[in-house]
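Reader: I have a model open and would like to go through it with you. Could we start with one of the helices?

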Amino acid sequence: MHPQLQELHQDHVNLAKVLHLLEKQLADVKSGEHIDLEVLSEIVDYVQTYPDRVHHKREDIIFSIYAEHPASRLDLVGRLMEEHTLLSKKTHDLREHIEQWRHDSPVARERVVSIIADYLSMQWGHLNLEEDSVFGLLHQELMPADWERIETSMPLSADPLFANTVRQRFANLFSQLQRF
Ligand SMILES: [Fe+2]
Ligand SMILES: [Fe+2]
């Protein structure tokens, strides 16, 4: 598998860890435990900073070049690219809900559960569709010349939570993931 695809796959593995932590938060809320708005807010901050802004941009570049191939599955990549826009909006909306929950007393638990469950379902559906149906096609169809074009356009931003660089910004979230 091309290193660019391996990196995107690793991004999925990393995002899955964060989504599992969000699932744990959801389970806590369902069982009546304290809603940790700080952790929720850091999760959303991370998703906006890297998966929504960088990972999806990288995929859009690869999907667009794959879409030029005569036998490409335009239905699949078209849907995934639309979902990138929608996911970004959903993450933004979730951030706004969290801000609102900070001021609500008491917080309506059923509403928190339904919003987070809906968000998780969309994130998992998207990630699994890419892993199960599209990455294999990219691996088969994209030629060395395509990868050269892709590499020249790729954004270079590193993952601020999982890359071996500075983690101060997400230090708390990182330690939550280590304990989880
Ligand atoms: Fe994607
Ligand atoms: Fe992805």
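Reader: How many residues of α3 are buried?

Author: In this predicted model, α3 is mostly covered, with 12 of its 17 residues buried. Buried means under 20% relative accessible area, exposed means over 50%, and partly exposed lies in between, with a 1.4 Å probe and protein chains only. Helices (H or I, at least four residues) and strands (E, at least two) are DSSP runs, numbered from the N terminus.

Reader: Which residues of α3 are they?

Author: Among the buried residues of α3 are Pro51, Asp52, His55, His56, Arg58, Glu59, Ile62, Phe63 and Tyr66.

Reader: Before we go on, what are the ground rules for numbering and confidence?

Author: Residues are numbered from 1 along each chain as its sequence is written, while chains are lettered from A and ligands numbered from 1 in the order in which they are written. As this is a predicted model, local features need pLDDT of at least 70, side-chain atom pairs count only at pLDDT 80 or more, and totals for chains, interfaces and linings use all residues; side-chain values use heavy atoms, with hydrogens and water left out.

Reader: Now the metals. Which residues coordinate the iron ion (ligand 2)?

Author: The iron ion (ligand 2) is coordinated by His12 (NE2), His55 (NE2), Glu59 (OE) and Glu130 (OE), at 1.9 to 2.2 Å. Donors are N, O and S atoms within 2.8 Å of the metal (3.2 Å for Na, K and Ca); water is not among the atoms, so sites may look incomplete. Along the chain, the donors of this ion follow the spacing H-x42-H-x3-E-x70-E.

Reader: Why is the arrangement around the iron ion (ligand 2) irregular?

Author: The four donor atoms subtend angles of 79 to 168°, which makes the arrangement irregular. Four donors count as tetrahedral if all angles lie between 85 and 135 degrees; four count as square planar and six as octahedral if opposite donors are over 155 degrees apart and all others between 65 and 115; anything else is irregular.

Reader: Which parts of the chain do His55 and Glu130 tie together?

Author: His55 lies in helix α3 (residues 51-67) and Glu130 in helix α5, so the pair ties together parts that are 75 residues apart in sequence. Both His55 and Glu130 are buried.

Reader: And the iron ion (ligand 1), what are its protein donors?

Author: Glu59 (OE), His84 (NE2), His126 (NE2) and Glu130 (OE) are its protein donors, lying 1.9 to 2.2 Å from the ion. With angles of 87 to 178° among the four donor atoms, this site is irregular. The spacing of its donors along the chain is E-x24-H-x41-H-x3-E.

Reader: How far apart are the iron ion (ligand 1) and the iron ion (ligand 2)?

Author: They are 3.1 Å apart, and Glu59 coordinates both.

Reader: Where do His126 and Glu130 sit in α5?

Author: His126 and Glu130 are four residues apart in helix α5, so about one helical turn separates them. His126 counts as buried because its relative accessibility is 3%, and Glu130 because its value is 0%.

Reader: Switching topic: how many residues are in the largest nonpolar core?

Author: That core has 34 residues, and those with the most contacts inside it include Leu40, Ile43, Tyr46 and Trp101. A nonpolar core is a set of buried Ala, Val, Leu, Ile, Met, Phe, Trp, Tyr and Cys residues joined through side-chain atoms within 4.5 Å. Apart from it lies another core, of 18 residues, among them Ile62, Phe63, Tyr66 and Leu80.

Reader: What does Tyr46 touch?

Author: Leaving out residues up to four places away in sequence, Tyr46 touches Val18, Pro51, Asp159, Pro160, Leu161, Phe162, Phe170 and Leu173.

Reader: Finally, how many salt bridges are there in the whole structure?

Author: A search finds nine, where a salt bridge is a side-chain nitrogen of Lys or Arg within 4 Å of a carboxyl oxygen of Asp or Glu. One of them joins Lys90 and Asp118 at 3.1 Å, N to O. This pair links distant parts of the chain, with Lys90 in helix α4 and Asp118 in helix α5, 28 residues apart. Salt bridges that share partners also join Glu38, Glu99 and Arg102 into one network.

Methods
Contact = heavy atoms within 4.5 Å.
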